[in-house]
Amino acid sequence: MNDARWMAAALALASRGRGRTAPNPNVGCVLVKDDRIVGRGWTQPGGRPHAEAEALAEAGVAARGATAHVTLEPCAHASPRGPACATSLIEAGIARAVIAVADPDGRTNGKGIEALRAAGIEVTTGVAEAGARRAMAGFLMRQAQARPYVTLKLATSLDGCIALANGEGRWITGPEARAHAHLERARHEAILVGRGTLEVDSPRLDVRLPGLEDHAPRRILLSSRTAEGWTTIATPEDIATLDGVDHLLVEGGARAAAAFLRADLADRLLLYRAPILLGGKPGLADLGLASLDAAHGRWRLTDTRMLGSDRLEVYERART
């Protein structure tokens with residue numbers, strides 16, 4: 001069996017929907033028969049059709065006897081927008097289902113797996129679970145903690161500065177790193193900056209990549225005062241009130257970044273480091289740490305790569 005290989009393909013498909021499917025999860029599905037893909041799908045913008053429906057539509061009659069590799073347990077509840085995916089897979093006659101993660105949504109939460117097994121379909125779970133949890137982090141965080149999954153982006157010099165002492169900060173990083181940052185924008189439903197960034201930079205926060213211009217995230221301002229054209233929240237904890245936002249990118253301001261870190265509401269760090277020294281404005285304000293011991297053990301490195309002359313490091317919050 002090549003379950004890991006096909007699930008990797010399903011995860012790649014799932015990533016296509018990230019930032020565009022909330023409140024539904026961004027799921028990927030591949031249908032495999034005789035060691036070749038006969039159908040593939042991913043959750044479409046707005047949350048429907050589901051990945052399984054897309055894959056079954058592509059496969060047609062070839063779905064009978066196939067193995068479905070799905071990044072999330074097929075839903076067990078029908079809705080006005082479409083049938084339950086577990087039912088659709090059963091009716092299509094699949095022989096086996098490989099599922100990365102069980103669905104924590106109370107409307108499914110094991111019922112999809114039970115329905116498949118009751119229909120005589122062999123079910124394997126837990127394949128590439130860590131990758132699937134990372135791919136659907138926003139949906140899973142919303143289910144577990146009723147808030148978005150937060151990525152904090154920092155673009156700094158080697159000495160941790162985001163601007164010269166006079167405030168000049170465009171551009172710290174090169175074009176390759178900036179392009180990657182725009183791709184990250186496209187993968188989030190909303191993007192947040194602080195009042196200082198708004199007043200100094202007047203950021204557009206759009207996506208300036210060919211073909212992704214319509215993926216611009218919703219603009220959020222962390223401030224006690226409102227601003228025209230912006231959704232304003234007063235505290236980091238208020239992210240729980242943002243409807244339709246499962247992935248939030250915090251992009252601007254040393255104080256805004258520090259506020260999320262102090263509140264322990266940053267789940268992922270994107271650290272773009274340019275090979276320059278500035279001796280200027282630091283990338284973070286005071287984090288309120290009482291000792292060095294409190295700083296250790298909080299983050300684990302999950303990825304690092306070169307983007308032109310800049311280095312990207314990706315960290316995830318180490319939580320029990």
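**Briefing: ring contacts, helix packing and backbone features**

The charged end of R16 sits over the ring of W42, 4.6 Å from its centre; a charge counts as over a ring if NZ of Lys or CZ of Arg is within 6 Å of the ring centre and within 35 degrees of the ring normal. The model is predicted, with local features needing pLDDT of at least 70 and side-chain atom pairs counting only at pLDDT 80 or more, while totals for chains, interfaces and linings use all residues. Residues are numbered from 1 along each chain as its sequence is written, and side-chain values use heavy atoms, with hydrogens and water left out.

**Rings**

- The charged end of R5 sits over the ring of W6, 4.2 Å from the ring centre.
- Zero aromatic pairs turn up in a search of the whole structure (rings of Phe, Tyr and Trp, the last by its six-membered ring, pair if their centres lie within 6.5 Å; planes under 30 degrees apart count as stacked, over 60 as edge-to-face and the rest as tilted).

**Helices α3 and α4**

- Helix α3 (residues 85-92) and helix α4 (residues 111-118) have axes that come within 9 Å and cross at roughly 15° (axes are lines fitted to C-alpha atoms, for helices over the stretch in contact, and angles run from 0 to 180 degrees between N-to-C directions).
- That angle makes α3 roughly parallel to α4 (under 35 degrees is roughly parallel, over 145 roughly antiparallel, 65 to 115 roughly perpendicular and the rest oblique).
- A86, L89 and I90 in α3 meet G112, A115 and L116 in α4, where contact means heavy atoms within 4.5 Å.
- By class, this contact of α3 with α4 has five nonpolar, one polar and no charged residues (Ala, Val, Leu, Ile, Met, Phe, Trp, Tyr, Cys and Pro count as nonpolar, Asp, Glu, Lys and Arg as charged, and the others, Gly among them, as polar).

**Loops and backbone**

- A22 and P23 are joined by a cis peptide bond with omega about 5°, and P23 lies in the loop between α1 (3-16) and β1 (28-33); helices (H or I, at least four residues) and strands (E, at least two) are DSSP runs, numbered from the N terminus.
- N24 is also placed in the loop between α1 and β1, and N24 touches G47, R48, H50 and F139, leaving aside residues up to four places away in sequence.
- R48 and P49 are joined by a cis peptide bond with omega about -10°; P49 is in the loop between β2 (36-42) and α2 (51-59).
- D34, in the loop between β1 and β2, has a positive phi near 55°.
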